[in-house]
Amino acid sequence: MDEVKYPVLTEKTIRLLEKNQYTFDVNKKSTKTQIKKWIENFFNVKVKAINSHIPPEKKKKIGSIIGRSVRSKRMIITLKYGYSIPLFSNK
């Protein structure tokens, strides 16, 4: 099961990168402990803190059908000093 879906890159999350905080959308059933272990093992970093929230649903209209966007949990991960996660490839 994939715990982390993808990194979130918005204006706010790019500002958080300066504070060594990274934002990811994760599986809705994942816990902070599971995400911490996954991030530490996959990226070989040390996690200082994790904050989580579930963003509100957004309505989407396609023709006459009104639906809702897929919801996921969002985690803001603060790394210990000296660690970083490469979000952009150097190619």
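**Note on a hairpin, a pocket and a cavity**

1. Strand 4 (residues 59-62) pairs with strand 5 (residues 65-68) in the antiparallel sense, over four bridges. Strands here are DSSP runs of E of at least two residues, and helices are runs of H or I of at least four, numbered from the N terminus; pairing needs at least two DSSP bridges between two strands. K60 has G67 of strand 5 as its bridge partner. Two residues lie between the strands of this hairpin, where G63 takes a positive phi near 70 degrees.

2. The model is predicted: local features need pLDDT of at least 70 and side-chain atom pairs pLDDT 80 or more, while totals for chains, interfaces and linings use all residues. Numbering runs from 1 along each chain as its sequence is written, and side-chain values use heavy atoms, without hydrogens and water.

3. The largest pocket holds about 300 Å³ of space. A pocket is an open set of points on a 1 Å grid over the protein atoms alone, with protein on both sides within 12 Å along at least five of seven lines; lining residues have an atom within 4 Å of a point. K58, K60, R71 and R74 are among the lining residues of this pocket. Its lining divides into six charged, four nonpolar and two polar residues.

4. One cavity of 30 Å³ or more is counted; a cavity is a set of grid points where a 1.4 Å probe fits but cannot get out. The largest cavity has about 40 Å³ of space. Its lining includes L9, L17, F24 and L87, and strand 2 gives the most, with three residues. Seven lining residues are nonpolar, two polar and none charged.

Key: Points joined across faces, edges and corners; volume = space filled by probe spheres on them. Nonpolar A, V, L, I, M, F, W, Y, C, P; charged D, E, K, R; others polar.
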